[in-house]
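This note is meant to be read beside the sequence and the structure. It goes through helix contacts, sheets and the ligand shell in turn.

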Amino acid sequence: MPAAAPLLPVIGGELRVPLIDGSDARYVNLDYAASSPALAVVAQHVTEVLPLYASVHRGAGYASQISTAAYEHARRTVGDFVGARQDDLVIFTRNTTDSLNLLASVVPGDTVVLDIEHHANLLPWIAPHGHENRTGRIVMAGAMIEETLSRVDAELAAAPAALLTVTGASNVTGETLPLRRLASIAHRRGTRLAVDGAQLIPHRRLSLALDGVDYLAFSGHKTYAPFGAGVLVGRRDWLDAGEPYLRGGGAVTRVTLDEAGWRTGSARHEAGSPNVIGVAALARALQELATLDVAAWMGHEAALREQLVSGLSDLPSVRVLRVFPDSTEPVGVVSFSVDGVDSRLLATALSAEWGIGVRDGKFCSHPLLERLGITEPAVRASVGVGSRRADVDVLLEALGRFLAEGPAWQYELVGGHWVAAEDHRPRPGWAPELGDDRGYYGCAV
Ligand SMILES: Cc1ncc(COP(=O)(O)O)c(C=O)c1O
C-alpha cells in the first residue's frame with residue numbers, strides 16, 4: 001500500500017505524547033511545513049561531529065581544522081544538491097527569511113513579486129529598509145497558472161526589473177509553479193529569477209543550472225536538519241557587488257579605524273562565527289535526500305496528499321484552499337477552513353484529544369488568505385518523508401468526530417488562545433508552562 005510506512009526514519013517518529021484525558025498516543029506530526037523533524041541520520045551525524053566541534057576559519061587546532069573542513073565541504077554538498085553553477089555562491093544564513101533579506105539587500109533594481117507569497121518573500125521587497133530606491137512591484141496572480149504567467153510577462157515587458165521572485169511551492173496550498181517557464185519569461189526580458197524554496201526543497205529536486213533559477217533560498221529546519229542553518233545560493237556578481245549583509249569579523253580583508261576592505265565571495269555576507277553544526281546537519285540531510293528514488297519520493301508524498309485532500313473534501317463544511325486549479329504536482333501541504341468552526345479551537349482539540357500536531361493561523365501569508373476570502377485563521381496539515389497513511393487516517397477520524405460531536409473536553413479562551421480546562425498533561429522540566437503568554441506571536445495571527 002503506498003505510504004504505509006515512512007520513507008526515511010525521523011527522530012520522534014514514534015514519540016508518545018500525553019492526552020488531556022490522562023492517556024497517551026503516538027504523536028501524529030502533520031506540521032512538517034512549519035519545521036520538519038530531524039532525519040535519524042542527521043541526528044547521528046550531529047553526534048559524530050560534536051566532539052570535533054570547534055571554531056571555523058579561526059583556529060589552528062585539529063578540531064578547528066576539521067570543523068572548518070566540514071563547513072566548507074557542506075558548502076559543496078549543498079551546491080551540488082541544488083545543481084549550482086560553477087561560479088554560484090553558496091551563502092549560509094539563519095533561514096529562508098534571512099536569505100531573502102540578504103538577496104533583497106544586493107538586487108540592483110526593481111523586483112517583481114506575486115501577491116501569493118509568504119511574508120518572507122514579500123516584505124523584503126515591498127517594505128525594504130535602507131533601500132528606498134529599490135522598489136518591489138506586485139503582480140496579482142491570475143485564476144490559473146497560465147494567466148499568471150502572462151501577467152508576469154506583461155509586467156516585465158512594461159518596465160525593466162532586475163529580479164522576479166516566486167515561491168517554488170506555496171506554504172498554504174502546496175501548489176508548485178512552473179519554474180522553467182518562469183525562468184525563460186524572466187530571462188527573455190533580462191530579468192533574473194529567484195525562488196523561495198522553503199517548501200520546495202524538502203519535497204522536490206531542483207537544479208539551478210537546468211531549471212534556469214538564478215537564486216534559491218531555503219531553510220535547514222524545514223529540510224530535516226533543525227539546527228539553525230539556512231542557505232542562499234546563486235549568481236555571484238550581485239552578491240560580490242552588494243554591501244556586506246553582516247559587518248564583522250570574517251567578512252573583511254583589512255580594517256583601520258576609518259575604513260574596512262570587504263571580502264568578496266560567501267565570506268562577504270557571513271561575518272561572525274558560523275553555525276557549523278547547523279550547516280553540517282543540513283548537508284547530511286541533503287545527502288540523504290539525494291539517495292531517494294525520485295519517483296518513490298514523489299509517489300509517497302502524492303499518495304499522502306491525495307488521501308488528505310480526498311478525505312477532507314468528503315467532510316461536510318470543509319473547504320480545501322487552492323489558488324490554481326491547474327497547478328500540477330503540488331507538494332504535501334494542505335490547508336483548509338471549516339465553516340462555523342474556530343480553527344484555533346479545532347487545532348487545540350486535535351492536539352489535546354488525539355495527539356495530532358497541525359498548524360493553525362494565517363500562515364504568514366495574509367495577502368494570500370485575503371485573496372481566498374479567508375478572514376479567520378485556517379488549519380494546515382503537511383507531510384514529508386517521515387509521514388505515513390496512519391497519520392492522515394488519525395486526522396480524518398478526529399476531524400469527523402469533532403464535526404459530528406464537537407470537542408470532547410472543555411476549552412476556554414485565555415488571552416485570545418484556546419486552552420484545555422484542567423490541563424494536567426506532564427511536561428519536561430526544561431519546558432515549563434509559559435502562563436498567559438503562551439509563546440504565540442508572529443505567524444500565529
Ligand atoms: C514559502 C515559505 N517561505 C519562507 C518561509 C520562511 O522560512 P523561515 O521561517 O525558515 O525563515 C516559510 C516558512 O514557513 C515558507 O513556508
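1. Helix α11 with helix α13. Helix α11 (residues 343–354) packs with α13 at an angle of about 115°, and the two axes are 11 Å apart. Angles of 65 to 115 degrees count as roughly perpendicular, and α11 and α13 are therefore described as roughly perpendicular to each other. The crossing in which α11 passes α13 is right-handed. On the α11 side, L346, A349, L350 and W354 take part, and they meet V394, A398 and F402 in α13. By class, this contact has seven nonpolar residues, no polar ones and no charged ones. Please keep in mind throughout that the model is a predicted one.

2. Helix α10 with helix α13. Helix α13 (residues 389–405) also has a contact with α10: their axes come within 10 Å and cross at roughly 10°. Since angles under 35 degrees count as roughly parallel, this crossing makes α10 roughly parallel to α13. The residues of α10 in this contact are L304, Q307, L308 and G311, which meet R389, V392 and L396 in α13. By class, the contact of α10 with α13 has four nonpolar, two polar and one charged residues.

3. The sheet of four strands. This open sheet has the strand order β13-β14-β17-β16, and its pairing is antiparallel. At its edges are β13 (318–320) and β16 (359–361), each of which pairs on one side only. On average, neighbouring strands of the sheet are turned by 30° against each other, with direction ignored. Helix α10 (residues 294–313) packs on this sheet and touches β13, β14 and β17, its direction making about 10° with that of β14.

4. A strand pair within that sheet. How many bridges join strand β14 to strand β17? There are four bridges between β14 (residues 333–338) and β17 (residues 378–382), and the two strands run antiparallel. As an example to locate in the structure, V334 has A381 in β17 as its bridge partner.

5. The sheet of seven strands. A further open sheet is formed by seven strands in the order β4-β10-β9-β8-β7-β5-β6, with mixed pairing. Strands β4 (89–93) and β6 (136–139) stand at the edges; each has a single partner strand, so one side of each is left without a neighbour in the sheet. From one strand to the next, the twist averages 20°. Within this sheet, β5 (residues 111–114) and β7 (residues 163–167) run parallel and are joined by three bridges. The bridge partner of V113 in β7 is T165.

6. Helix α2 with helix α9. The axes of α2 (residues 62–81) and α9 (residues 276–290) come within 9 Å and cross at roughly 40°. That angle makes α2 oblique to α9. Helix α2 passes α9 in a left-handed crossing. The residues of α2 that take part include S67, Y71 and F81, and those of α9 include V276, L282 and Q287. By class, the contact has twelve nonpolar, three polar and no charged residues.

7. The ligand shell. Which residues are the closest to the ligand? They are N95, T97, N171, A198 and S219, and the ligand is surrounded by 14 residues. By class, the shell has three nonpolar, ten polar and one charged residues.

Definitions and conventions. Residues numbered from 1 in each chain as written. Predicted model: local features only at pLDDT ≥ 70, side-chain atom pairs only at ≥ 80, totals over all residues. Pairing = 2+ DSSP bridges. Axes fitted to C-alpha atoms, helices over the stretch in contact; angles between N-to-C directions. Contact = placed C-beta atoms within 7 Å. Near = placed C-beta within 6 Å. Nonpolar A, V, L, I, M, F, W, Y, C, P; charged D, E, K, R; others polar. Parallel < 35°, antiparallel > 145°, perpendicular 65-115°, else oblique. Left-handed = near helix turned anticlockwise from the far one by under 90°.
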